[in-house]
Amino acid sequence: MKAKAQKTVFANCTLVDVKADCALVKGVDIFVEEGRIADIKPACGDRTGWEVYDATGKFVMPGLVNAHAHLFGTGLPSKVISGGGAQKLVLKLVHSPLGMAVLKMLVASACAQELNSGVTTLRGLGDFRFSDVAVRDALKKGKGKAAGLDLIVSGPAITAPGGHGDGTFAVTASAPEEFASLAAHNAGNGSDLIKICITGGVTDAKKKGEPGEVKMTAEQVKAVCDRAHSLGKKVAAHIQSPKGVEIAALNGVDTVEHGAHMSEEAAAALKARGGAVVATYTPAYPYYKLPPEITKLDEVRRFNSGIVLEAMTQCVKDAYAHGITVAMGTDASCPFSTQTGMWRELVYFARLGGFGAKAAIYAATMGGATAVGRQDVTGSVEKGKRADLLVLAEDPVQNLETLRDPVAVVAGGRLIDRPRVKRNKKIESVLDGLMKEL
Ligand SMILES: [Zn+2]
């Protein structure tokens, strides 16, 4: 016997139309059936046969797309670069027989927290031992606390020896052919896309002014991209300098992560490919602003975080100037980037980047969906798309902080009413203090 299909109408809400400059459409019924948006109608019609979720006085917008996260960590700061007690445990256990079970548990927990805090599409860009792939496969079967979440994963990142993530979430290669083989290896193990680290990062830079030291050659980048594309996989690249952006854009990279100034030539190449840039303010801002006693980072890293922040804003400006898709991600698992902080990324993008609330909301929904290749599936509230919705107490354009505590999250039609979000009080109070300065 076929199970009774769940039919819910989110009744009498105010819809935030992200495709129309966040215009508000009042008095709307959103009909959700079998995980999809079956219809959107004025709230005066017939609801017979539908379970009614009364959304009177509430605002509904699309679920968020966190286009850049790592799923093994909690975001608690620590002397271990990748941060926190849980991560220390990961590094120790990662290659032990127990390691895989622990990793899967951490990744699954991260997914549940992301979902409960409003992220309905999550792209993992660098985790250990394909633990992300295993959790994605479980989610596809509708298993686990994060059921409904659309998880897109890269498996381990790929870089050159000494590159960003070497020793943690990245594996290394030297000859271009070895890079191509690793891309094929990841694809063969179920990665949805390939992640590479072209430049260094804040955490591994040794000198002031060099957060984006180039670690991969143009030939290596091209070898990865050509092989990935031949296998139908896109390539996301960690980049924190203009030279890195140039190498990426001219050699096949699809999404520029973090980013820096884009030359005309680089922007034209990225645009022609239908590429995107993904801003990640969440870890860089606290690194830059907080005292070293709290961040446990040295002066070189603090200084370089400032460079990265400016470079990221420049990259987004260049992208807008050339009509390139802009998305955002939290880089969760980095110190100070928890799995519940996507709402902060929107606030940083709006206020620190200076792009405003509407641009932030667009980048976190339609922009993100486009960047990760899900523009026909999610990113806006439209008939036929996946039912990925946030029910909010206030208009997010007027108050982005309302995203911190969604009234309800709907992911692929699964309703999580009054989601319970686990937060670390200490870290939240530090980050809240910083936010007041914005
Ligand atoms: Zn990252």
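Here is a short walk through this structure, one selection at a time.

Before you click, know that this is a predicted model, where local features need pLDDT of at least 70, side-chain atom pairs count only at pLDDT 80 or more, and totals for chains, interfaces and linings use all residues. Residues are numbered from 1 along each chain as its sequence is written, and side-chain values use heavy atoms, with hydrogens and water left out.

**Stop 1: two domains.** Colour residues 7-62 plus 379-417 as domain 1, and 64-371 as domain 2; such bounds come from an automatic or database domain assignment. Their C-alpha centres are 30 Å apart.

**Stop 2: where they touch.** Now show the contacts (heavy atoms within 4.5 Å): 25 residues of domain 1 meet 26 residues of domain 2. About 2,100 Å² is buried between the domains, and carbon and sulfur atoms give 69% of that. Buried area here is the accessible area (1.4 Å probe) that two parts lose on being put together, summed over both. Pick L400, R404 and R414: they supply 25% of what domain 1 buries against domain 2, more than any other three residues.

**Stop 3: a charged pair.** How many salt bridges are there between domain 1 and domain 2? The count is two, where a salt bridge is a side-chain nitrogen of Lys or Arg within 4 Å of a carboxyl oxygen of Asp or Glu. Select K358 and D21 to see a salt bridge with an N to O distance of 3.6 Å. Next, highlight β5 (59-62), β17 (408-411) and β18 (414-417), strands that each supply at least two residues of domain 1's side facing domain 2. β17 gives the most, with three residues. Strands here are DSSP runs of E, at least two residues long, and helices are runs of H or I, at least four, numbered from the N terminus.

Stop 4: Select α10, residues 299-321: its 23 residues reach 34 Å from first C-alpha to last, close to the 33 Å expected at 1.5 Å a residue. That expected span is 1.5 Å times one less than the number of residues. After α10 comes G323, with a positive phi near 70 degrees.

Finish in α5 (218-230), where K222 and D226 sit four residues apart, about one turn of the helix. Their side chains form a salt bridge at 2.7 Å, N to O. An α-helix has 3.6 residues a turn, so residues three or four places apart point the same way.
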